[in-house]
Amino acid sequence: MKKEADSKELPNTAAFQDEFTREFMDSTKEVEDGYYLFRSKTDGYTMLYPSNAKISEIPYEKNGKQFESVIFEENNRKKNYNYVFRTTYETYGDALLETSLKILSRSVGYSGDFNELEFGDNKIYYAKTEQPIETENRKATAYKFFSYIVSTNSKKSIEYIYTAMCFDESNIECNIDPKIEEDKALKLMKSIEFNN
């Protein structure tokens, strides 16, 4: 998408009203209700992208065609929810699978096994966890759904972490349903298509 496009002519969603996020969108047409097509700046992959999520510009990293780290977030304090997505693209494929799973486990505080799913041309090593968060002023549960996704016909892989939580469960109603969030996480992970 053209960076300098007039935001008044674009869809009234975070994905298009935010200038930096807009650079990653393949088209102004939704692929399906509530989702656009995200195209990596490495040209290595595409995936479904939530229409109301915004990419954080500061931690964004890219190294040539081999590496890209993207954090995008959708939140609404009034409705008491915060969704954070983090994808890290690399060109290791399954060459460093065990190491990559250990790094992923460590980064999310997980010590269990991964389920292996096959979807299209990808293998998805998937797990989930929930972690209570308590401070002086708030109480919440972080539901984490994470995977290491490997292409079966190229040396490409993505670490995908999706965290869903309410800002505060102690004073405001929390409507996050872990089952619905898990279904959403798997839908997004399965949407990844690596380019050959």
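Mentor: In α3, the buried residues are Leu97, Ser100, Leu101, Leu104, Ser105 and Val108. Keep in mind that this is a predicted model. Now look down the axis of α3: its buried residues fall within an arc of 135°, so they line one face of the helix. The spacing makes sense, because an α-helix has 3.6 residues a turn and residues three or four places apart point the same way. Turn to the face of α3 that points away from the buried side, and you will find the exposed residues Glu98, Lys102 and Arg106.

What lies over the buried residues? Among the elements covering those of α3 are β8 (122-134), β9 (139-151) and β10. Leu101 also belongs to a separate nonpolar core of 12 residues, which includes Ala127, Phe146 and Val150 as well. In soluble globular proteins, nonpolar side chains tend to be buried together.

As for its dimensions, α3 runs over residues 97-108, 12 residues in total, and reaches 17 Å from its first C-alpha to its last, close to the 16 Å expected at 1.5 Å a residue.

Strand β10 spans residues 157-165 and contains Ile158. Ile158 counts as buried because its relative accessibility is 0%. Its contacts include Tyr45, Thr87, Ser147, Ile149 and Phe194.

Note on methods: Residues numbered from 1 in each chain as written. Predicted model: local features only at pLDDT ≥ 70, side-chain atom pairs only at ≥ 80, totals over all residues. Heavy atoms only, no water. Core = buried A, V, L, I, M, F, W, Y, C linked by side-chain atoms within 4.5 Å. Buried < 20%, exposed > 50% of the residue type's maximum accessible area, 1.4 Å probe, protein only. Helix = DSSP H or I, 4+ residues; strand = E, 2+ residues; numbered from the N terminus. Contact = heavy atoms within 4.5 Å. Expected span 1.5 Å × (residues − 1). Arc of directions from axis to C-beta.
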